[in-house]
Every structure is written in C-alpha cells, then in structure tokens.
There are 2 protein chains.
Amino acid sequence: MTTAKRDTYTPETLLSVAVQVFNERGYDGTSMEHLSKAAGISKSSIYHHVAGKEELLLRAVSRALDGLFAILEEPGAVRGRAVERVEYVTRRTVEVLVGELPYVTLLLRVRGNTRTERWALERRREFDHQVADLLKAAAADGDLRADVDIRLATRLLFGMVNSLVEWYRPHSGTGPDQLADAVVHMAFDGLRTVR
Amino acid sequence: MTTAKRDTYTPETLLSVAVQVFNERGYDGTSMEHLSKAAGISKSSIYHHVAGKEELLLRAVSRALDGLFAILEEPGAVRGRAVERVEYVTRRTVEVLVGELPYVTLLLRVRGNTRTERWALERRREFDHQVADLLKAAAADGDLRADVDIRLATRLLFGMVNSLVEWYRPHSGTGPDQLADAVVHMAFDGLRTVR
C-alpha cells in the first residue's frame, strides 16, 4: 500500500492533502511532520516535490486566486450593463468557491504572517476592488439604489459569499446553481416582495 | 503599578482581558500562563476570581448570547408583521455585534471542543432557528419573494451579519446605525433599483 502510494504520488495529490491539513490545523500550526504523516510519505519525498510548506501554500492559494481572477475575463464579466456584470461575477464567485472549496477556504483564512500570505491578501483585495469598481459603475448607471454605500456593500456582499466556506457542505442537497441563485437574488433583489 | 493593578482588578476587567487573549490566540491555544501575563496578575489571583479558563469562556460567550437573546424580547421583535420583526431583529443583531464586538467575535469562533463550547454552539443555533421562524412567518404572510429558500436565506443573512466581526472596526467612521441600515437594506430590499 505504502509503496503503491509512493509510486502514484503526484504534486497534485500532495497539494490536496496539504490543503486539507492546513485547513484543519491552520497554516501556522502545520509542520512538515504533519504533512508527511497525513500524506503517508516521508519528508524527503515531500522535499522532492516542493521546497517547503510555503510553496504548498503558494500553489494552493494560487489555484483559488486563478479561479477567481479568471471570472473577471469571462464574457459575462466584461460585456453588458455593469449591474448585470456584477451579478454575473457574484454568481460565478459562488460557483468557484463551491468548486474549489478547500482552496478558497484556505485563501480566506490566510492571516498575513508570511510573504506568501501577504501576497495572497493583496490579491484578494485586488479582486474585491475590481468588484467594487463594477458596483460603482452600476451605481453610476442608476441601477443601484441611491442610498447604497459602495464600500459597505462590497464588504457585505463578500461577507455573505465568503461565509459559504464556513457552512456549505457539498452533497448537502443544495447545488451550486441553487446557492448562486440564492446569493444573487438576496444581494441584488432582497428578500422582500417589492414594497 | 502592579500593586495598583492587583487592587483594582475585578472579574469584569479580567474577563475583558481574557476575551482579547482568546480572540488573538484562539481558546484552545490560550493557557492560564498567557492569561496571567496579559492581565499582569498571578495565576493564583486569577483562580481567586474563576475556577479556570473555561469559566472565563462561559462568562464571555454568555454575555454575547444574553445580548442576542434579549433582542428577541424587545417590543420590535414581538409586535407587528413578521417581516418588520425580522428586519428589526437583524438591525438589532448588528447593533449588539458592534456593541459587544470582542464577545460576539469569540462566540462566533467557538469550535465545540469543550462542554461550554458545545453549549454555546447549541445556543447560537437556537437563536438562528428563532430568526428562521420569523422568516418563515414573513414568507407565510406573503412578504418575502416566493422563490426565497428560508434555510439558505437564514444562512446567508447570518453569513453577512457575522462577517462584520472580521472586518468592521469601531471608529472607522461607519457608525452602528449606518452599518445596520446597510445590512437591512441589502438583505431585504437588495442593492438594485426596482426592476
């Protein structure tokens, strides 16, 4: 078994195990020893694949960030009225969160103690800014309520979306589409029937 | 200085220091030694006030929970249409979060490893259920959009509200009223102008 595992270990499976351990123990609380035990391979085998745990963190958060930034290049995010574009980006953000759940969970828990963590925080802020810019453009088009404070709305929108990593469980019976619908309708149309 | 501190130490000030340390290091990661250093009093002085760190946790999360449950007894939460009551509860929840920020932050980070933590999680769920019941009543009155999934809406509402503990900073220029308005308007009316 162990030999078979060793033979079939790839950077991809190592990354997947590392992300799970980081999410369980916290990045700071994870040692190479923990990773070695969880992966069932020796530390030197891990060092054959990566320089250390920070490289695993970098690969993991990059995967989450690449998924998020790719959304901003999609046709739905670049064409049409700003309000439609920001709704599209919100929907797709939910889908990427669900599709890359452990990677995005790790990204959202990053605290900024290492260079990689600070870089990840910086990239997250950049993504948030781009969404805030879309909201600003939607407000300028007259498509957002006049009393909306863009800065607060951006925080609350991401607060709602990012909370998914804390409570959403795949195979819970709620699919990504249904979840994305619920988020977009609540954020943009509100829960109330029109007054 | 140290003597003066010792003389004026009260269970209240000890609690306030303990909550700060719990929030910084995590409850599991906090020892009596950490608490003693942060409070500037000996461990035996702490044991004069409380039986141990779990009692401090109990007092701290009770303060947050008492604040939250008191909302449900207020006139605005028990009289009027369900949709108005749930908007009221949402607004007041934001205010309690901001007013008791370190205590609610600790409550929301509780993981369930000890009896006190499991009790706190249970009480949080009970609060969420009561809000979900109000949302259900509002839906039955026809005051929520027909496509609203109550379970998801409750999760998303608390996801948005609870995210405040991660990003809201008192003295940031945004007052509790403004914050509560932003949350209630976004959740119930949505960001968009009426389509």
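## Chain A at a glance

In this predicted model, chain A exposes about 9,400 Å², and carbon and sulfur atoms supply 51% of that area. Buried residues account for 49% of the 195 residues in chain A. The chain holds 12 helices and 0 strands. Among its contacts with a separation of 6 or more, 67% join residues 24 or more positions apart.

A few values for chain A, side by side:

| Property of chain A | Value |
|---|---|
| C-alpha trace along its principal axes | about 65 × 35 × 30 Å |
| Positive side chains | 27 |
| Negative side chains | 27 |
| Distance between the centres of the two charge sets | 5 Å |

## Two copies

How does chain A relate to chain B? The same surface serves both copies, as 100% of the contact residues of chain A recur in chain B.

Helix α7 of chain A covers residues 82–99, and its 18 residues reach 25 Å from first C-alpha to last, close to the 26 Å expected. Buried residues in α7(A) include A:V94 and A:V98.

A:P176 itself is found in helix α12 (residues 176–189) of chain A. Is A:P176 buried, partly exposed or exposed? With a relative accessible area of 35%, A:P176 is partly exposed.

Definitions and conventions. Residues are numbered from 1 along each chain as its sequence is written. Chains are lettered from A and ligands numbered from 1 in the order in which they are written. This is a predicted model: local features need pLDDT of at least 70, side-chain atom pairs count only at pLDDT 80 or more; totals for chains, interfaces and linings use all residues. Side-chain values use heavy atoms; hydrogens and water are left out. Helices (H or I, at least four residues) and strands (E, at least two) are DSSP runs, numbered from the N terminus. Buried means under 20% relative accessible area, exposed over 50%, partly exposed in between (1.4 Å probe, protein chains only). Contact means heavy atoms within 4.5 Å. The expected span of a helix is 1.5 Å times one less than its number of residues. Accessible areas come from the Shrake-Rupley method with a 1.4 Å probe; for residues, only the protein chains shown count as cover. Lys and Arg count as positive and Asp and Glu as negative; His and the chain ends are not counted. The place of a charge is taken as NZ of Lys, CZ of Arg, CG of Asp or CD of Glu.
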